[in-house]
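Here are a few friendly notes to read alongside the model. They go from the overall picture to backbone details and then to charged pairs.

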Amino acid sequence: MNSVELSDVMADFAGLIGRVDETGERLSVTDGGEPAGVLLPAAELAELEHFAQRVHGGPRPRPTAGRERPAGPERQGPYVLYAHADGVRMTFVRDRVTVAELRSVAELDWLEDKARTARQGYMHPKQAAAFEEFLARQPPVGDGIAWIAESWRDQEPFTVLEFLKGPTPEEAALAYGADPQDIADGLRLHQVRDKDEREGTDDLLDVLAFGEAGEWTWLGYHDVGLAFTRTLDPPPAHRITLTAIMAKGIYEFAYIKDGIHQNPTPPETGADARPEMYEIPWYTPGEPPFAPDAPLAFLNPHIRRAEEHTDWTDSIALFFAGLERAFALSLPQQALTTGQTPCAHPASH
């Protein structure tokens with residue numbers, strides 16, 4: 001990558017930008033011999049920004065204003081220079097089309113690091129579809145989650161099941177407002193059940209169960225009186241929520257990836273519209289639940305495989321069987337059934 005002094009850029013940016021415009025190559029910019037930034041072709045910068053925005057991380061480096069900047073746009077030949085308020089970034093335009101930008105070295109390093117991470121997980125749509133078809137043929141991990149569908153329909157053992165990627169079970173429980181002492185003491189579900197039976201209490205409705213299965217942390221609770229905060233900072237990269245409200249016949253599935261809801265519902269009107277949920281009863285076995293161009297269309301082959309290769313007949317169990325294959329979700333059947341799962345009351349209990 002060639003290098004040029006900032007003073008030369010300002011003196012003859014028409015020639016330098018013309019070279020970047022023609023060759024599509026970067027130019028390193030120095031100020032008094034010290035690295036000051038990099039002049040990037042607009043197309044390369046657009047690609048970096050496109051991929052970098054897919055990855056959450058630390059704040060983007062922003063220089064503090066220090067260098068004097070032109071009072072207004074400057075023109076040389078066919079190019080116009082627009083200086084930004086931070087005193088470093090500059091945008092070069094030809095015929096109202098951005099041709100190149102000057103970015104600081106720190107910001108470019110940040111962009112390249114984030115873009116590199118995003119590219120590693122990127123697949124062309126056709127390649128992604130073929131890969132999803134391959135994954136759909138794989139058996140579930142561990143016990144899966146379809147086994148819990150029947151009791152979950154009746155709000156047992158929990159009305160809310162959540163699967164998170166990132167925090168450990170203990171970190172997630174504490175972030176949700178669980179009692180640290182219960183976690184330290186190793187409280188188990190069967191202890192709460194035994195106390196309820198012995199003393200006629202309903203404490204089981206007020207505890208948060210938690211555990212780990214594969215790459216996921218799972219949480220189960222009844223959310224009575226909004227006892228748990230459901231707040232994580234930073235938010236997990238992936239969050240799947242399954243909610244059962246038997247009295248209202250509501251059984252919902254929500255998937256949030258990088259802070260974005262992936263499953264908008266069909267258009268609704270009214271104050272109660274919730275575009276971030278998918279009602280599981282909308283799914284009819286034998287029919288793909290998601291339109292081909294929907295964000296969750298990748299689930300269709302997994303659910304189809306569950307229909308073809310499992311013995312489940314209940315629609316919720318089939319839907320869960322599709323989810324367990326798509327996301328490698330699992331819940332420990334024996335630990336939950338026998339009550340050996342860790343749990344905790346709300347900290348305010």
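1. Helices (H or I, at least four residues) and strands (E, at least two) are DSSP runs, numbered from the N terminus. On that basis the protein has 12 helices and 15 strands. This is a predicted model, in which local features need pLDDT of at least 70 and side-chain atom pairs count only at pLDDT 80 or more, while totals for chains, interfaces and linings use all residues. Residues are numbered from 1 along each chain as its sequence is written, and side-chain values use heavy atoms, with hydrogens and water left out.

2. Of the 349 residues, 44% count as buried (under 20% relative accessible area, with exposed over 50% and partly exposed in between; 1.4 Å probe, protein chains only). Taking contacts as heavy atoms within 4.5 Å, residues 24 or more positions apart make up 65% of those with a separation of 6 or more.

3. Now to the backbone. Most residues other than glycine have a negative phi, and most peptide bonds are trans. Arg96 has a positive phi, near 65 degrees, in the loop between strand E6 (90-94) and strand E7 (97-103). Its side of the story is an exposed one, at 83% relative accessibility.

4. Please look at the loop between helix H6 (149-153) and strand E8 (160-165), where Pro157 sits. The peptide bond from Glu156 to Pro157 is cis, with omega near -5 degrees. Gln155 is found in the loop between H6 and E8 too, and has a positive phi of about 65 degrees although it is not a glycine.

5. A cis peptide bond also joins Asp233 and Pro234, with omega about 0 degrees. Pro234 belongs to the loop between strand E10 (216-221) and strand E11 (238-245).

6. On to charges: the whole structure holds 15 salt bridges (a side-chain nitrogen of Lys or Arg within 4 Å of a carboxyl oxygen of Asp or Glu). Arg103 and Glu101 form one of them, at 2.9 Å, N to O. Arg103 is buried at 4% relative accessibility, and Glu101 is buried at 11%.

7. Which side chain meets Asp314 in a salt bridge? The partner is Arg153, at 2.2 Å, N to O. Asp314 lies in the loop between helix H10 (300-309) and helix H11 (315-327) and Arg153 in helix H6, so the pair ties together parts 161 residues apart in sequence. Asp314 is partly exposed at 29%, and Arg153 is partly exposed at 27%.
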